[in-house]
Amino acid sequence: MSKRIAGPEIERLIQLLAKVPGLGPRSARRAALHLIKKKEALLIPLGGAMQDAAEKVCICTTCGNVDTSDPCMICTDPRRERATLIVVEDVADLWALERAGSMNVRYHVLGGRLSPLDGIGPDDLNITTLVGRVAEGEIKEIILAVNATVEGQTTAHYITDQLADFNVRITRLAHGVPVGGELDYLDEGTLTAALRARTVL
Ligand SMILES: [Zn+2]
């Protein structure tokens, strides 16, 4: 047991902060101290923002995204093209693609990937709702933006099988050389994938 350095309210703040991804006990203490020093400018507004978020946050029953309304802002955005749907494993992937801003479409969040070793099967993912959306007939292309891992690719194959009876084009992200990447630093698997996915100049 480490020695306590402050009263229970501050200890609890540190303990909770230490559970945030990217923060360990040491960073949590630094963050807590910073918040306490900036009580008016940071600690009080942050507490309010957290309470508001905790009250309003919900999961979109259409796409599985997190937002403060159901359906979410992306699903209800009339300016988004409705014929294309990007399938992602996690909300973090949706946010990453939105930051890139290269396609103005809607998404479907699976909530994970198939992983028999971890006991995660099709029923644990939002696959039934995906098939339901495709069955409505409006979607013409599904982009499987799953991770380039064994589980991600297994998930992609499973979804492709489930959608085989629908008239929908199924594509996946290219695998290969990252933008700004140097060939010398790439692993063999990435180089092989890049060679296979080569394009005409
Ligand atoms: Zn949604």
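How are H1 and H2 oriented to each other: parallel, antiparallel, perpendicular or oblique? I looked, and H1 and H2 are oblique to each other. On this scale, under 35 degrees is roughly parallel, over 145 roughly antiparallel, 65 to 115 roughly perpendicular, and the rest oblique.

Ground rules, before I go on. I'm working on a predicted model, where local features need pLDDT of at least 70, side-chain atom pairs count only at pLDDT 80 or more, and totals for chains, interfaces and linings use all residues. Residues are numbered from 1 along each chain as its sequence is written, and side-chain values use heavy atoms, with hydrogens and water left out.

**Entry: the helix pair**

I checked the axes of H1 (residues 8-17) and H2 (residues 25-37): they come within 8 Å and cross at roughly 130 degrees. The axes are lines fitted to C-alpha atoms over the stretch in contact, with angles from 0 to 180 degrees between N-to-C directions. Helices here are DSSP runs (H or I, at least four residues), strands likewise (E, at least two), numbered from the N terminus.

Next I listed who touches whom (contact means heavy atoms within 4.5 Å). H1 brings Ile-10, Leu-13, Ile-14 and Leu-17, while H2 brings Ala-28, Arg-29, Ala-31, Ala-32, Leu-35 and Ile-36.

**Entry: Asp-77**

I found Asp-77 in the loop between helix H4 (73-76) and strand S3 (81-88). Asp-77 is buried, at a relative accessible area of 12%. The cut-offs are under 20% for buried, over 50% for exposed, and partly exposed in between (1.4 Å probe, protein chains only). Its side chain has a polar contact of 3.2 Å with the side chain of Arg-80. By that I mean a pair of N or O atoms within 3.5 Å, one able to donate a hydrogen and the other to accept it within protein; residues adjacent in sequence count only if both atoms are side-chain atoms.

**Entry: Glu-141**

Glu-141 sits in strand S5 (residues 141-144) and is buried too, at 18% relative accessibility. I noted polar contacts from its side chain to the side chains of Arg-169 at 3.3 Å and Thr-171 at 2.8 Å. Not counting residues up to four places away in sequence, Glu-141 also touches residues including Ala-83, Thr-84 and Leu-85.

**Entry: Phe-166**

I placed Phe-166 in the loop between helix H7 (150-162) and strand S6 (169-172). Phe-166 is partly exposed, at 28%. Leaving aside neighbours within four places in sequence, Phe-166 is in contact with Val-131, Val-134 and Ala-135.
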